[in-house]
Amino acid sequence: RATMKSLRFISAEAFVSNAEFARKSLGGVAHNLFPLLFKASYLLEQAEVIHDLVENWPLVDFNMGKLLGTTVDYEEDLSYRTCSVCLESCLTGLRDYVLNHPSPYMKRLKVVDLTGIKDVEVQFCECKKTMGRWARTQLFSKLCLELLVYLQQTQCNPGTFEISIDVLIDLFVTERNYELVVQALLKKCYCPLKICCVAFRSDNLALQKFFYIIKLIDPSLLRKLEIVHNVRLEMEHLDILFNSIHFPLLMSLTLPARTFNVQRFTAADEQMLSNIGEKMGEMTQLTELSVPFSILTGRIQQLLSPLKTPLKMLDVSNCSLNHADMAYLANSFHANHLEALDLSGHDIPDLYPSIFFRLLRHSSSVLRSLTLEDCNIQDTHVNMLILGLSACQKLQEFKFLGNPLSSQALKHLFTFLCELPMLKYVEFPVPRDCYPIGITYPVDDASLCRFDHQKYASVAEELNFILLQANREDVKASTPLFGSYDAAVHETNNELGAYLIKSFKETLEKLNTSLNKMS
């Protein structure tokens, strides 16, 4: 369905569609029309007009999320378009705002917010070329440094050095862009464009470098911290981090796999875990916690009970939780506030079915996203699952890949899912009967694609027909075999792949050296 446009928006499109005319005429445009023209230019990918609008921005703030989001004149949300052409024009326009304005004293811009841009899998822009979070980090750091060099080498109006604009940004740092970002952060006090990092993601980075850069970004402003994959952060490092740096505004924390491993705990480690819990308790804004693939058996209460604010998002996938952990979660004050929950990798039907359904019942009034991948949910458990989910009337997203369910059980489940009014997205497993007889669960990577693709396509068609018959075309159902799309991983997969190959090569070399010594 085409989104309705107001007459004002149609006029704005007509104005910016002739780039040469629009650029010449900007001087006579009323200031309150700049946001309207910006969204129209972004929709039509008029790069030169976008650049000039930002370069001459007459307002106090420039908020990408608000400018591109749903507006009265045009309801479609364009913040999902990470169009490379548009974003580059926008950022270079910001640099030139500092440099090229004839009268710096007329400048009013104080705050630029670039955090509202959302990275998604499918792009609707014409150029089809995206600029992800890593590339935005790279480009903005480069522009800040270029700006400083230009100001040092050129005879500028003294007023230019008076300009100070806070730029709120989500930074994504890996080994490949580390040096550039560090240079930009070290010199930010001299640059008119002040990097204000509100979300920080670190991947494929040596621990020493992570500890150095985290201090440079001003942790007091940080709302979201993601330390993932190839950052070798373990519990003792996390303890050092929390003891040396305060994160008063932190709302969301993601830790890499194997940060915690209670299987090798000593008395000192127990104290360290308690200390980490207490430090997290001091983060009064913390409502999202992700600790996947850590071994936390019997320690969830120790980690979470010091928190003073209830969690809205919790990812404890593959954390080897036991009955006591699940009982704590179900009875804790977090349960009534959980909007997103990931319990993947736990044998829920066998280990703690009744406790799990109590947790589901307590969170049912607010739960929006539930992930139960590789949880050994079988055909005999489907009726029980339906009973548990029936109270979750606000559920928007349900992911249950990797469970040994037959095509018949999936049809039964889908018939029920049609009744959940807010549901928008479902990830379902390849039916068990599409795999060869004797397949074991969880299915290993080597066997993952060895199923009857024709039969799967037929079942998937039937499941979509169930949705269609119930007038639920709004629900998207799919089977992403290797997990959900992750924009950050997708953008840096070449670098991560090279890192893994390098690590594998080093391991082989060490093994070879050891074998040579033995012989």
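Analyst: Buried means under 20% relative accessible area, exposed over 50% and partly exposed in between, with a 1.4 Å probe and protein chains only. The model is predicted: local features need pLDDT of at least 70, side-chain atom pairs count only at pLDDT 80 or more, and totals for chains, interfaces and linings use all residues. Residues are numbered from 1 along each chain as its sequence is written, and side-chain values use heavy atoms, leaving out hydrogens and water.

User: Is F414 buried or exposed?

Analyst: The relative accessibility of F414 is 1%. Since buried means under 20%, F414 counts as buried.

User: How many aromatic pairs are there, and which geometry do F414 and F428 adopt?

Analyst: Rings of Phe, Tyr and Trp (its six-membered ring) pair if their centres lie within 6.5 Å; planes under 30 degrees apart count as stacked, over 60 as edge-to-face and the rest as tilted. By this rule there are 15 aromatic pairs. The ring centres of F414 and F428 are 5.5 Å apart with their planes at 90 degrees, so this pair is edge-to-face.

User: Where do F414 and F428 lie, and how many residues apart are they?

Analyst: Helices (H or I, at least four residues) and strands (E, at least two) are DSSP runs, numbered from the N terminus. F414 belongs to helix 17 (residues 407–417), whereas F428 is in the loop between strand 12 (425–427) and helix 18 (453–469). The pair thus links distant parts of the chain, 14 residues apart.

User: Which parts does the pair of F428 and Y456 tie together?

Analyst: F428 is buried, with a relative accessible area of 1%, and Y456 is buried as well. F428 and Y456 form a stacked aromatic pair, 6.1 Å centre to centre with 20 degrees between the planes. Because F428 lies in the loop between strand 12 and helix 18, and Y456 in helix 18, the pair ties together parts that are 28 residues apart in sequence.

User: Over which ring does the charged end of R201 sit, and what is the bridge partner of R201 in strand 5?

Analyst: A charge sits over a ring if NZ of Lys or CZ of Arg is within 6 Å of the ring centre and within 35 degrees of the ring normal. The charged end of R201 sits over the ring of F172, 5.3 Å from its centre. Two strands pair if DSSP finds at least two bridges between them; strand 4 (residues 193–202) and strand 5 (residues 224–227) do so in the parallel sense over four bridges. In strand 5, R201 has as its bridge partner E226.

User: Which residue in strand 6 is the bridge partner of L225?

Analyst: Strand 5 pairs with strand 6 (residues 252–254) in the parallel sense over three bridges. The bridge partner of L225 in strand 6 is L253.

User: With which residues is S252 in contact, leaving aside its neighbours within four places in sequence?

Analyst: S252 is located in strand 6 and counts as buried at 5% relative accessibility. Contact means heavy atoms within 4.5 Å. Apart from those neighbours, the contacts of S252 are R223, K224, L225, L286 and E288.
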